Amino acid sequence: MIKKSFIGLVKPRLQYNLIPDQIRDLPVPSKVILLLKEPENGGRASALKVGDAVKTGQRLSAAPDSDEYVISSVTGTISAMAPHVGTLGQRYTAITIDAGSQDEWDDSFNKTPTLDTGLKFFEYAPGSPSFKAFADPENTLRTIVIAGMDQDLLLTANQCVVQNEAAGIKSGIDALKQMTGADRILIAVPENLVQQANTTGAEVKVVRATYPNSLPHMIMKDVIGRVVSAGDTVEDEGVFFINAEAVAALGTAFETGRLCVTKVVTVAGKDGSTTNVRARIGTPIKDVLQACNVSLNDRDRLILGGPMRGAATYSEDLGLEPDTDGIVVQDDADSAQTTDYPCINCGECIRICPVKIPVNMLVRFLEARLYEDAAAMYDLHCCIECGLCSYVCVSRIPIFQYIKLGKYELSLIETAEAANE
Ligand code: SF4
Ligand code: SF4
């Protein structure tokens with residue numbers, strides 16, 4: 001799957017996994033853990049408490065007027081609420097719900113496909129589509145790209161959905177058009193899924209199966225023919241990206257009146273073999289691993305997401321998030337170790353970077369926590385987060401992690417400055 005070049009003479013060619021496994025449905029777990037973002041102005045989830053009964057599909061928010069919410073994926077009782085800190089320091093309330101034996105469905109979901117419905121019920125759908133981009137008056141989003149190819153190596157969750165749920169995607173597209181007013185809908189798929197993609201009614205575009213061609217900025221350049229300017233987002237260019245799984249979830253919800261509370265995830269074991277399962281959102285990771293016969297020993301690496309862009313996590317007690325497309329377990333002996341060795345200016349990272357960032361200089365500023373200078377002088381905001389620089393770095397500097405942290409810290413600074421204006 002991953003072929004590395006010989007001493008950097010040739011760029012490594014990393015191929016996506018094009019053979020989606022069939023999806024296996026997992027039973028309803030005995031409990032789910034849902035992470036509710038803390039509101040920006042602070043404060044815990046005061047509208048919820050331990051002992052509250054909840055229904056499947058019920059919207060749970062911190063306060064009646066809060067934008068942040070989760071959707072309960074089971075019927076049961078809240079048994080714990082605890083603070084949780086994310087990989088980059090984001091603050092959440094971890095809500096544990098003990099599941100009952102039967103689903104009782106909440107009926108507050110409004111089946112009218114409007115933007116308000118998208119904002120109120122689908123931000124926590126599988127794939128975590130963010131409809132906030134459509135509510136921003138500065139954006140004029142006329143084009144939607146459905147990502148029918150997964151964004152990381154090994155993963156095939158979205159390809160599976162295109163292969164098996166093209167009819168659901170077709171219904172989802174009808175709903176999307178009504179919700180957003182977008183007039184051009186494309187679906188980006190690998191060559192082997194063109195036939196299924198053709199039945200969705202979207203304009204079909206083929207993505208080459210070499211990493212990182214499925215990332216939004218690469219699709220913008222190679223498929224749509226537009227380069228996103230430095231510091232801009234794809235939304236600034238009038239294009240909205242959404243995963244195939246999210247579109248199928250929309251289609252199913254508007255047809256049945258029930259929100260989708262499951263997530264398809266690719267589980268990759270230590271031998272590189274993969275399994276696709278569909279589980280309730282919030283299912284503990286350890287339950288998913290157990291169902292796939294993947295063992296996790298001390299010092300093994302547990303990654304949420306794919307091997308290039310995922311984040312290592314310390315606990316298998318966390319729940320499956322709506323945007324968790326992959327769970328990868330690497331044996332301690334096979335895991336790439338990071339170091340605090342200095343950069344030796346070998347230039348490998350610059351040669352591999354698809355947007356030609358001077359990564360060797362960028363990383364020096366990030367290591368020194370000079371985030372604003374890193375953005376102003378060394379193109380931090382141009383990074384499309386492919387992780388290739390970390391993959392080739394001979395000093396094994398965790399460049400990708402520094403980049404993610406740098407962008408996150410800058411976003412906090414920008415939010416604080418906006419609040420003070
Ligand atoms: S992650 Fe590294 S290689 Fe990829 S775009 Fe960013 S700086 Fe370039
Ligand atoms: S950051 Fe790593 S890959 Fe890039 S120049 Fe320095 S040592 Fe080489």
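Start with α13, which gives the most to the shell around ligand 1, with 3 residues. Helices here are DSSP runs of H or I with at least four residues, strands are runs of E with at least two, and both are numbered from the N terminus. Before you click further, note that this is a predicted model: local features need pLDDT of at least 70, side-chain atom pairs count only at pLDDT 80 or more, and totals for chains, interfaces and linings use all residues. Residues are numbered from 1 along each chain as its sequence is written, with chains lettered from A and ligands numbered from 1 in the order in which they are written.

Stay at ligand 1 and show its shell. There are 16 residues around it, the closest being Cys353, Cys383, Cys386, Leu388 and Cys389; a residue is near a molecule if its C-beta atom, placed from the backbone, lies within 6 Å. Colour by class and you get 14 nonpolar, 1 polar and 1 charged, where Ala, Val, Leu, Ile, Met, Phe, Trp, Tyr, Cys and Pro count as nonpolar, Asp, Glu, Lys and Arg as charged, and the others, Gly among them, as polar.

Now select arginine 396, in the loop between α12 and α13. Its phi is positive, about 55 degrees, although it is not a glycine. With 13 C-beta neighbours inside 10 Å, arginine 396 counts as partly exposed (buried takes 20 or more other C-beta atoms within 10 Å, exposed 12 or fewer, partly exposed lies in between; C-beta atoms are placed from the backbone).

Hop to ligand 2. Which residues come nearest to ligand 2? Of the 16 around it, they are Cys343, Cys346, Cys349, Asn360 and Cys393. α9 (348-352) and α10 (359-367) are the elements that give two or more residues to this shell, and α10 gives the most, with 3.

Zoom out and colour by domain: domain 1 (12-24 + 264-334), domain 2 (29-99), domain 3 (115-256) and domain 4 (348-420), with bounds from an automatic or database domain assignment. Look between domains 1 and 3, where 26 residues of domain 1 are in contact with 26 residues of domain 3; contact means that the C-beta atoms, placed from the backbone, lie within 7 Å. On the domain 1 side, β14 gives the most, with 4 residues.

Next, pick out the open antiparallel sheet of 4 strands, in the order β4-β9-β8-β5. β4 (31-37) and β5 (53-54) are at the edges with a single partner strand each, so one side of each has no neighbour in the sheet. Strands pair if DSSP finds at least two bridges between them; β5 and β8 (residues 76-85) have 2.

Then go to helix α6 (residues 216-224), where Pro216, His217, Met218, Ile219 and Ile224 are buried. Their cover includes β10 (143-147), β11 (184-189) and β13 (239-243). In the loop between β12 (203-206) and α6 sits proline 212, joined to tyrosine 211 by a cis peptide bond with omega of about 5 degrees.

Last stop: colour by pLDDT, the predictor's confidence in each residue, from 0 to 100. The mean is 91, and 96% of residues reach 70 or more. Residues 1-9 fall below 50. Where pLDDT is low, the predicted coordinates should not be read in detail.

Terms used. Two residues are in contact if their C-beta atoms, placed from the backbone, lie within 7 Å.
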